[in-house]
Amino acid sequence: MAKTFRDLIIWQNAHTLTVEIYRLAGTFPRCEQFSLSDQVKRSSGSMGANIAESFGRKTVPDVRKFLSMAIASLYETQNHLILARDLGYLSAEQFNQVDTQLTGLERGISSYSRKYKGFPSSS
């Protein structure tokens with residue numbers, strides 16, 4: 001069992017993806033700095049934050065609740081990226097690459113939630 005949330009593959013994948021999304025959002029037009037760019041960075045950051053928070057929860061329903069919120073943040077991120085693509089801020093190739101990663105992360109979070117049987121260490 002993982003000793004910290006950083007040991008979770010789903011958290012590692014979410015973190016790597018968030019870093020990539022921050023880089024992509026940095027290329028959006030300056031007029032989007034405090035709107036779409038900020039929104040996609042916040043929602044992508046919430047994916048990993050909710051996975052990390054799930055690790056500290058003591059009951060399976062609480063763990064699953066935060067994993068569910070991570071998936072909701074993932075969907076929000078996808079929505080923002082679709083908009084960015086449709087506005088021409090991302091190429092189809094950039095979008096497809098990150099969307100594929102998001103789909104993989106969604107599967108990983110869902111699988112972890114279904115298989116989760118234990119409790120994080122309280123020490």
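Predicted model: local features only at pLDDT ≥ 70, side-chain atom pairs only at ≥ 80, totals over all residues.
A search of the whole structure finds 2 aromatic pairs. In one of them, the ring centres of Phe5 and Trp11 are 5.2 Å apart and the planes stand at 75°, so the pair is edge-to-face, given that angles over 60 degrees are put in that class. Phe5 is partly exposed, with a relative accessible area of 26%, whereas Trp11, at 17%, is buried. The other pair joins Phe28 and Tyr89, whose ring centres are 5.6 Å apart and whose planes make an angle of 40°, so this pair is tilted. Because Phe28 lies in the loop between helix H1 (9-25) and helix H2 (36-55), and Tyr89 in the loop between helix H3 (60-86) and helix H4 (92-115), the pair ties together parts that are 61 residues apart in sequence. Phe28 and Tyr89 are both buried.

Charged side chains also sit over rings. The charged end of Arg6 is over the ring of Phe5, 5.5 Å from its centre, and Arg85 lies over the face of Phe95, with 4.4 Å to the ring centre.

Turning to the helices, the axes of H1 and H2 come within 9 Å and cross at roughly 170°, an angle over 145 degrees, and the two helices are therefore roughly antiparallel to each other. Residues of H1 that make the contact include Trp11, Leu17 and Ile21, while H2 contributes, among others, Val40, Met47 and Ile51. By class, this contact of H1 with H2 has 11 nonpolar, 5 polar and 1 charged residues.

Key:
Residues numbered from 1 in each chain as written. Heavy atoms only, no water. Phe/Tyr/Trp six-rings, centres within 6.5 Å; stacked < 30°, edge-to-face > 60°. Buried < 20%, exposed > 50% of the residue type's maximum accessible area, 1.4 Å probe, protein only. Helix = DSSP H or I, 4+ residues; strand = E, 2+ residues; numbered from the N terminus. Lys NZ or Arg CZ within 6 Å of the ring centre and 35° of its normal. Axes fitted to C-alpha atoms, helices over the stretch in contact; angles between N-to-C directions. Parallel < 35°, antiparallel > 145°, perpendicular 65-115°, else oblique. Contact = heavy atoms within 4.5 Å. Nonpolar A, V, L, I, M, F, W, Y, C, P; charged D, E, K, R; others polar.
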